[in-house]
Every structure is written in structure tokens, then in C-alpha cells.
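Subject: Structure handover

Hello,

The structure you asked about is below.

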Amino acid sequence: MESHIVKVLSVTPVTHNVRCFKLEKPEGYTFVPGQATEVAVNKPGWEEERRPFTFTSLNEWDHLEFTIKIYEDHHSVTDQLGHVQAGDSFIIHDVWGAIHYKGEGVFIAGGAGVTPFIAIFRDLQRKGQLGNNKLFFSNRTFDDIILKEEFEQMLGDNFINTITREEVPGYEHHIIDEAYLKRKLPNFDQQFYICGPDIMVQDLRAVLERLSGSADLVTVEV
């Protein structure tokens, strides 16, 4: 299995518990928007503790980028990532991932599940092909919204937020379920992309396969 040790160039806060890691890019290392790799922290005892993370950089960039939620209450890789600083290093592996852009449609994300969509939308913006793509983004609180300003700039009114654990003026207060989608979407004969907590993905996949009439129109990470 391919592996590379890459230096961390910078670590930048994105939200109160999400950080952006900018890394060296190995020569010849390529990927497409939506893909991921397994990442380990290159520190004693953690080299084999791999976790999957999606690239939020574009393949054309001269560096790699990951946007990762930190769980400080877990003795895990995501806790260790909270202690990583510029000059440390990661071990990255082969590229994989099932979420690829298949055409204009509706993207549905829960929390940190938005990360595969970051590179997809950045790539579409670079190409001038954002079109009428929509992003429904569900978060527990307003402060959890990842890259709010960038998504607003890219998508405008097609960036639709819903907050589930608090009521915020100007924001929807509803889980993303069948009733919500029927109220927001007039047409289900289009592409759907889903990424988020497992139960959310499973439930919405079943709903959208039924409403769209085709499993081929619903893309999820497997």
C-alpha cells in the first residue's frame, strides 16, 4: 500500500472545533474532488492509527488540505490532531472515495460530512460550473457551520442551512427528513449527494431513492 510522510505546513482554525491542515504534497500524488485518504499522525504509537479524511484542496494546488473536526474528549486520532502543529507530519495512504460529481443536483450534508463537497464546489467554481447546484447543510448550532462565508459566496441562495439544537433568527430549525425535502424541492428527478452521520445517510438514501425513483440518482460514501 502506498504511503507518504508529509510535513504539516500550517494549522488554521475554521470553527470552534474544526481545523484546516495544510500539508506538503508528494510528487505525483493525484486525486479528484470528493476523494479521501487514510491519515495517521506521525508520532510514536500513532503511526498505524489511520482515519479517513477527505481532501478539501484541489488536485491543481501545490499542497494538500484537510478540514477536520477535532474531538478533544476522545482518546483517538481526532484528539491527537488537536495537538498537531506546523512542522509535525502526517502519514497519508492511497486515494479512494465514492463521492464524485455526476451532474447538477442537490447536496445534503450533516456537520463535518460537508467535507467531500468542499472540493467539489471549489472545483465547480474554478470551472465556472456551479450552475443551480444546491447545498442543504444541517448543523447542531450556528457556530458549527463550516466555511459559512465561502459557501455563501459560491452558492448564494442555494446554500440552505438548518440548525437542529437551537433557534437562530433567519435560519431553518428542522432536521433534514422527507417532509423537509418535499417542502423545499419541487423536483426529485435529479442528482442527490449525501454525506453525514451514518443514520442520516441511511435514512435519506432510502427516502431519496424512493422519491427519485432511481438508486442511480443518489450518491453516498460507502
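How many residues lie between S1 and S2 in the hairpin that they form? There are four residues between the two strands of this hairpin. Please keep in mind that this is a predicted model.

Strand pairing

S1 covers residues 4-13 and S2 covers residues 18-24. The two strands run antiparallel and are joined by five bridges. In this pairing, Pro 13 sits opposite Arg 19 of S2.

S2 also pairs with S5, which covers residues 63-69. Here too the strands run antiparallel, with seven bridges joining S2 to S5. Val 18 stands opposite Lys 69 of S5. S2 is therefore paired with S1 as well as with S5, given that two strands count as paired when DSSP finds at least two bridges between them.

Cysteines

The count of disulfides is zero. The cut-off behind this is 2.5 Å between a pair of cysteine sulfur atoms. For Cys 20, the closest cysteine sulfur belongs to Cys 195 and is 18 Å away, so the distance is too far for a bond. Seen from Cys 195, the closest cysteine sulfur is that of Cys 20, again at 18 Å and too far for a bond.

On accessibility, Cys 20 counts as buried because its relative accessibility is 14%. Cys 195 has a relative accessibility of 13%, so this residue counts as buried too. The cut-off for buried is under 20% relative accessible area.

Regards

Definitions and conventions
Residues numbered from 1 in each chain as written. Predicted model: local features only at pLDDT ≥ 70, side-chain atom pairs only at ≥ 80, totals over all residues. Heavy atoms only, no water. Buried < 20%, exposed > 50% of the residue type's maximum accessible area, 1.4 Å probe, protein only.
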